[in-house]
Amino acid sequence: MFNYLVQRIGTIIPTLFFVSILIFGLQQLLPGDPALILSGEDRDENVIAYLREKFHLDEPLPMRYLYWMGNVLQGDLGESLRIQQPVLDLILQKLPVTLQLAAMAMVIALVIGITAGIVSAVTKDSVWDYAANVISLWGLSTPNFWLGIMMILFFSVWLGWLPASGYVSPFEDLKANLASMIMPAFVLGNAIAAVLMRHTRSAMLQVLNADYVRTARAKGLVERIVVLKHALRNALIPIITLGALEFGTLLSGSVLTEQVFSIPGFGKLIVDAVFNRDYAVVQGVVLVTATAYITLNLLADLAYFLVNPRLRG
Amino acid sequence: MTAIPVTAAAAAPKDLSPGQRALRRLVRRKGAMFGLAIVVLFILMALLAPWISPHDPLATSWSAVRKPPSDLYPLGTDEIGRDVLSRVIWGTRASLMAGVVSVCISLSLGVPIGMAAGYLGRWPDALISRITDAMLACPFLILAIAFAAFLGPSLTNAMIAIGVSATPIFIRLTRAQVLSVKVEDYVEAARAVGNSHLRIALRHILPNIVAPLLVQATLAIAAAIIAEASLSFLGLGQQPPAPSWGSMLNTAKNYIDHAPWMAIWPGLSIFLLVLSFNLLGDGLRDALDPRHR
């Protein structure tokens, strides 16, 4: 286990190194002198000189990378030019909102995706299987921001059941919080449910033909126990890894969902930063997202290692 | 006894090439044919936009602001009196172009780099693989948003951003395919008779990895269309007043209670086009790789 852990961590260090180069490199895409761009419309000479010194713009590129990386390693992702706050603080403020949205979306995706996947596999080639496949194709092809707008039209404008937008903290009013988050969470979970359904279906179809499932049936076990206890448990193993991989989809999707429902989260932070030309925030958000994604993948691999006795052996 | 060989011969005619057999399998798949028909319909719509759109997509009319569907405006009008149907028809151009151009960018970058990694092995492979891992660690849309943010908002930059962000998928796929093909006997034979590395890669390896790349490219077009619509929805793609489905939805969300038709049709168009490419991609995969059936 220890050796595996060391080996696995060894592979993520170069990946993180290249992620940092990629994100640092983004700044080089800015056309023209970064100090001029960052100084805003006034272009005050003193501000430009200050920015040059602050970001070491007169130094060669590798040196600038080392300065930037040194700060990042100390938890300094720079400062938002617009809000005049450290980027890390901003991210930490917004992250809980997006994490709640992502967690709710994942629960919805797991319930819909795994249930539909099981039903589809158990009733292969039936109307149910066909319906589940159609729903999954619908989930994969629907732009989530459009689904969000349509849900607002149906549930908020026509039926008046749910608020169209806005966010209430769960610590203020849990009921209002859930009412404001349920539609965005469904919209976000929809596409992931489709992916999970497809994978659960194919994993279940493989497992349902395995010898131990046949043995369980031969022992005279009820079909429900065979499916849920013997087949599903084993089919779920690859879904762990998939869940972590879908984290990226959740964060990408949250950018659009938060925009549609005006939720002040991580996604809205990056969009606002883009329009305010707050490049340090954009870089910070991408860096934190990539690091979280790599870490989750590592944890998923370790979980996979722990639950699969054949790997441990 | 005689029926068996006749049936077998009918099922797998010997005179058909693998390509023709794959085409036959594709034609038999109803979903893929439905997808292809819709894609062709959208392509025709994009090409014939100047002749089939009933109004100028940019022409505003203050007397026709947010009008519901009628004989004059079959899909209604938007917040400044522009015809929604004409804008949906013209918007097809931005979506299709974004889908195709960004996938061409991904292919032209991803295939040569992936081939170099798979064919050369050793340190070039290790280096390319780590860079690919790093790019894949950044969620696709967030990376595209970051690129678009630093490049500046425009349809061209959105296509570059989407194309570059999707490149690692093609690098990884090409590399994996090259690794499995380069140990085949015919590649060994080509090497043994003294062919150059470049010739082996282009003449003997590339033709044999086209099928999975074609499938991935079709599915990537679907993803790129959604990505372009997403970037335009956020204001980072096609800039107003030029019509694009994503930017139409961005405006429509502000008028959803008074003019829902502004949101329904562009969204439905994105859904239909993406669904069609997904169906076509699934069908191609089944036709080109019978193991998937």
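**View 1. Phe155(A) is a partly exposed residue, with a relative accessible area of 23%.** Partly exposed denotes the range between buried, which is under 20% relative accessible area, and exposed, which is over 50% (1.4 Å probe, protein chains only). The model is predicted: local features need pLDDT of at least 70, side-chain atom pairs count only at pLDDT 80 or more, and totals for chains, interfaces and linings use all residues. Residues are numbered from 1 along each chain as its sequence is written, chains are lettered from A in the order in which they are written, and side-chain values use heavy atoms, with hydrogens and water left out.

View 2. Rings of Phe, Tyr and Trp (its six-membered ring) pair if their centres lie within 6.5 Å; planes under 30 degrees apart count as stacked, over 60 as edge-to-face and the rest as tilted. Over all chains the structure holds twelve aromatic pairs. One of them, Phe145(A) with Phe233(B), is stacked, at 4.6 Å centre to centre and 25° between the planes. Helices are DSSP runs (H or I, at least four residues), numbered from the N terminus. Phe145(A) is buried at 1% relative accessibility, and Phe233(B) is buried at 1%. The pair of Phe155(A) and Trp161(A) is tilted, because the ring centres are 6.2 Å apart and the planes stand at 40°. Trp161(A) is exposed, at 62% relative accessibility.

**View 3. Trp68(A) belongs to a cluster of rings.** Ring pairs link Trp68(A) with Phe17(A), Phe18(A), Phe24(A) and Tyr65(A). Trp68(A) is found in helix H4 (residues 61-73) of chain A and is buried, with a relative accessible area of 16%. Not counting residues up to four places away in sequence, Trp68(A) touches Ser20(A), Ile23(A), Phe24(A) and Gln283(A); contact means heavy atoms within 4.5 Å.

View 4. Tyr4(A), Arg8(A) and Ile23(A) supply 37% of the area that domain 1 of chain A buries against domain 2 of chain A, more than any other three residues.

Key: Helix = DSSP H or I, 4+ residues; strand = E, 2+ residues; numbered from the N terminus. Buried area = accessible area lost by both parts, 1.4 Å probe.
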